[in-house]
Amino acid sequence: MQIAVLGAGSMGHGIAQVSAMAGHKIILRDIEPELVEKGLEGIQENLQGGVDRDKLTESEMVETLERIEVTTDLADAVGDADLVIEAVPESVELKQDVFSDVEEIIDSETIIASNTSSLSVTEIASVLDHPERAIGLHFFNPPHLMDLVEVVIAEQTDNRTEEFAVDYIRDIQKEEVIVRDSAGFATSRLGLAVGLEAIRMVEEGVASPADIDKAMKLGYGYPMGPIELGDHVGLDVRLHIAEHLREELGERFKPPQSLRQKVRAGKLGKKTGEGFYVWKDGKRVEKRQTREENND
C-alpha cells in the first residue's frame, strides 16, 4: 500500500517510520525542504537507535529507509496514495484546508485520516464532498514506541473506511481502540484530567513534580508521569487541549494558572528547554525542586 503522511514533525515522521517498517511505500510531505529533511533525519536516528539496541538489523534499517520518499509537493505526495494521514498542527481550520486540498487530487477510493488528538473529526471532515472516507487515527508519541492507536469514528465515517483503518493499524503491528467522535476522545480526555490535577497538586504544594510523577509510575504503572508527559508533548499543546475541552465539556477542564504562566513565559517543556522540568539535549535534568520553586 502507498501512504502519504502530511507533516514531518515528531508525529508525522513517526507514523511514516512505523508504516515503512511494515512494508508500505511512504511519501512524507511538509511545506519546506528543511522540514522534510529534519523529519527524515528523525527517522534515521530512531532506526539507528533500534539497531544499536539490537531491535532491528542494519539491513532492516536500510530497507525501511528505501521505502520512504520525501517531498514538498502535495500532488506528488497524495496523487497515488491509498491512504493519506495528515499530521499537521492542531487547528480545525488548517486540517480542513488540508482535507479540502487533498480531496481535489486523490481518487474516489482513497481514505483520508486525521491524526488529531482531540479535535472533532466530524467537523474536520465536513468540508469534504465525500466525508464517508474520513476517519481519525490518533497515534501516540513517539509512534515507533507506543502500541496504541485510537480509531475515531466520525458521524460520516462508513463501514468500509472503518474496516480499512483497523486493517491498517493491525498490519503495522499496533493495537486499536474504537471510539466515537467526541471531545478528547477516550485517551486525551482521561489523560488530560490526570495531567491537570497533577499540576494543581504542584500549585497546592502537595508534592514536587518529580515525586508526583514517581508516584504514578511506581504506584500505577505509568510509563511516564503526567507532569513529565506534559513537558514532553508541549505545555502549549496541553493548554490548547484543555481550553478546547473546557469549552466542550465544562469547567472541570479549566487550565491551572501555573500552566498558563508557563506558556506565557515561553517555558513549553522539552522543546524549549524548560517547562515544569529543565531539559538539556532532549534529556530531563535531574534537579529536585523545592516547595518554593514549585509554587512560583
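Predicted model: local features only at pLDDT ≥ 70, side-chain atom pairs only at ≥ 80, totals over all residues.

Trainee: OK, and what lies over the face of F276?

Mentor: That's K262, at 5.1 Å from the ring centre.

Trainee: How many aromatic pairs are there?

Mentor: Zero, by the rule used here.

Trainee: Switching to helices. At what angle do α11 and α12 pack?

Mentor: About 135 degrees, with the axes of α11 (residues 235-249) and α12 (residues 257-264) 9 Å apart. That angle makes α11 oblique to α12. Their crossing is left-handed.

Trainee: Which residues of α11 and α12 meet?

Mentor: From α11 you have L235, D236, R238, L239, E243 and R246, and they meet L259, R260, K262 and V263 in α12. K262 is the residue we had over F276.

Trainee: And α8 with α11, how far apart are their axes?

Mentor: 11 Å, and α8 (residues 187-203) packs against α11 at about 110 degrees. The two are therefore roughly perpendicular to each other. The crossing of α8 and α11 is left-handed.

Trainee: Which residues make the contact there?

Mentor: On α8 they are S188, R189, G191, L192, G195 and L196, and on α11 they are R238, I241, A242, L245 and L249. Sorted by type, the contact of α8 with α11 has six nonpolar, three polar and two charged residues.

Terms used. Residues numbered from 1 in each chain as written. Heavy atoms only, no water. Phe/Tyr/Trp six-rings, centres within 6.5 Å; stacked < 30°, edge-to-face > 60°. Lys NZ or Arg CZ within 6 Å of the ring centre and 35° of its normal. Axes fitted to C-alpha atoms, helices over the stretch in contact; angles between N-to-C directions. Helix = DSSP H or I, 4+ residues; strand = E, 2+ residues; numbered from the N terminus. Parallel < 35°, antiparallel > 145°, perpendicular 65-115°, else oblique. Left-handed = near helix turned anticlockwise from the far one by under 90°. Contact = heavy atoms within 4.5 Å. Nonpolar A, V, L, I, M, F, W, Y, C, P; charged D, E, K, R; others polar.
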